[in-house]
2 protein chains.
Amino acid sequence: MRIGVLGTGMVGRTIAGALAERGHDVRVGSRSAGGDAVAFADAAAHGEVLFNCTNGAASLDALAAAGESNLAGKVLIDVANPLDFSGGGPALFTSSTDSLGERIQHAFPAARVVKALNTMNCNLMVDPASVPGDHVVFVCGDDGQAKEQVRALLGELGWPAERVIDIGDIAGARGTEMYLMLWLRLMGATGGPHFNIALATP
Amino acid sequence: MRIGVLGTGMVGRTIAGALAERGHDVRVGSRSAGGDAVAFADAAAHGEVLFNCTNGAASLDALAAAGESNLAGKVLIDVANPLDFSGGGPALFTSSTDSLGERIQHAFPAARVVKALNTMNCNLMVDPASVPGDHVVFVCGDDGQAKEQVRALLGELGWPAERVIDIGDIAGARGTEMYLMLWLRLMGATGGPHFNIALATP
């Protein structure tokens with residue numbers, strides 16, 4: 001499959017590398033093309049499926065640079081978090097009635113936005129078996145078919161279908177993004193970023 | 001032990017009942033004494049350890065009515081959440097740089113506030129074995145000895161020490177309170193409130 005990954009940070013590189021290893025035709029996009037990265041618009045035009053792995057604060061600008069027509073009709077997997085370090089400590093630039101996932105869906109209504117993978121370290125995203133246990137990944141979005149496509153792609157990355165938890169429409173991004181404030185504390189409690197959460201049910 | 005439980009809703013009744021069953025001398029406080037509830041101030045004066053089980057939006061007023069001198073020096077377990085339904089849907093009246101736990105600690109500096117138990121349904125709080133698996137409860141607060149007292153009390157309610165996760169100072173309440181937005185979605189995904197999260201670590 002042709003995949004466009006927006007963002008050349010750790011998350012983008014890790015996802016792009018893992019998908020290329022599995023035989024996908026991946027292009028990585030950055031603000032200023034260079035090295036093995038192309039421009040945002042070229043990566044977006046290339047991909048049948050797109051990943052937003054840019055910094056949350058820069059995501060809307062990056063997607064605008066990618067070009068609305070290059071996003072239209074495509075599954076856009078939003079991995080970014082609305083983290084704000086401007087005040088010194090970690091905070092979110094969204095409130096509990098808002099989320100980055102919703103802002104992206106609202107700004108690009110023809111894209112089929114699915115929020116996913118933003119609740120864990122990037123190594124775990126592409127290698128869930130590196131941590132034992134039935135820990136989970138959340139997906140949410142307004143387009144059910146898009147979520148099923150993401151579930152299949154997550155399966156290729158090692159996520160069994162029953163560990164991909166559908167939490168509803170794109171407003172569910174409020175939950176997975178705000179969870180980051182707990183994630184940061186759990187990183188401290190567990191001694192590093194290599195952990196995830198599992199669901200315990202009766 | 002003499003315990004004061006502030007709040008006569010489901011959470012307060014459930015915690016008070018479970019602690020009374022275990023032999024504690026429990027008084028439940030409400031805004032207007034009546035039935036088997038005493039006034040907030042009487043419950044707070046009675047307790048060596050206090051639970052705040054009031055509605056989050058009313059917690060600061062309830063604690064003021066309980067009386068600063070009745071809180072001073074005591075472990076105050078804050079179970080409340082800053083939920084705001086005024087806009088129609090569930091939201092938080094705090095931001096990511098703030099929390100109800102911190103507001104309470106700030107307003108009553110002589111109380112030894114420990115945020116705990118606010119991440120689950122009240123039946124699970126007092127009967128963790130009703131859901132299988134090594135799911136966890138989080139504690140945070142500025143007073144390490146107070147957290148150890150809470151860990152012991154949680155042990156009486158059925159929480160093994162290793163499943164009581166210390167996530168640091170009271171600002172950790174930002175994490176456990178904001179998690180509620182994910183919890184609400186997980187309630188939808190799992191079909192009800194009888195679930196919890198476990199930590200998967202390498």
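Q: What is the handedness of the crossing of H8(A) and H8(B)?
A: In this predicted model, the crossing of H8(A) and H8(B) is left-handed.

Q: And at what angle do their axes cross?
A: The axis of helix H8 of chain A, which covers residues 173-190, crosses the axis of helix H8 of chain B, also residues 173-190, at roughly 145°, and the two axes come within 7 Å.

Q: Which residues in H8(A) meet H8(B)?
A: Among them are A:Arg174, A:Gly175, A:Met178, A:Tyr179 and A:Leu182, and the residues they meet in H8(B) include B:Arg174, B:Thr176, B:Met181 and B:Arg185.

Q: OK, how are the chains themselves related?
A: Chain A is superposed on chain B by a rotation of 180° with 0.0 Å of shift along its axis, and the RMSD is 0.0 Å. The two copies are therefore related as by a two-fold rotation axis.

Q: Why do we say the copies meet through the same surface?
A: Because 100% of the interface residues of chain A are also interface residues in chain B.

Q: New topic: where does B:Asp98 lie?
A: B:Asp98 is in the loop of chain B between strand E7 (91-92) and helix H5 (100-107).

Q: Why does it count as partly exposed?
A: B:Asp98 has 18 C-beta neighbours inside 10 Å, whereas a buried residue would need 20 or more and an exposed one 12 or fewer.

Q: And how far is B:Asp98 from B:His46?
A: They are 52 residues apart in sequence and, from C-alpha to C-alpha, 30 Å apart in space.

Conventions: Residues are numbered from 1 along each chain as its sequence is written. Chains are lettered from A and ligands numbered from 1 in the order in which they are written. This is a predicted model: local features need pLDDT of at least 70, side-chain atom pairs count only at pLDDT 80 or more; totals for chains, interfaces and linings use all residues. Axes are lines fitted to C-alpha atoms, for helices over the stretch in contact, and angles run from 0 to 180 degrees between N-to-C directions. Helices (H or I, at least four residues) and strands (E, at least two) are DSSP runs, numbered from the N terminus. A crossing is left-handed if the near helix is turned anticlockwise from the far one by less than a right angle, and right-handed if clockwise. Two residues are in contact if their C-beta atoms, placed from the backbone, lie within 7 Å. Copies are superposed by least squares on the C-alpha atoms of residues with pLDDT of at least 70 in both.
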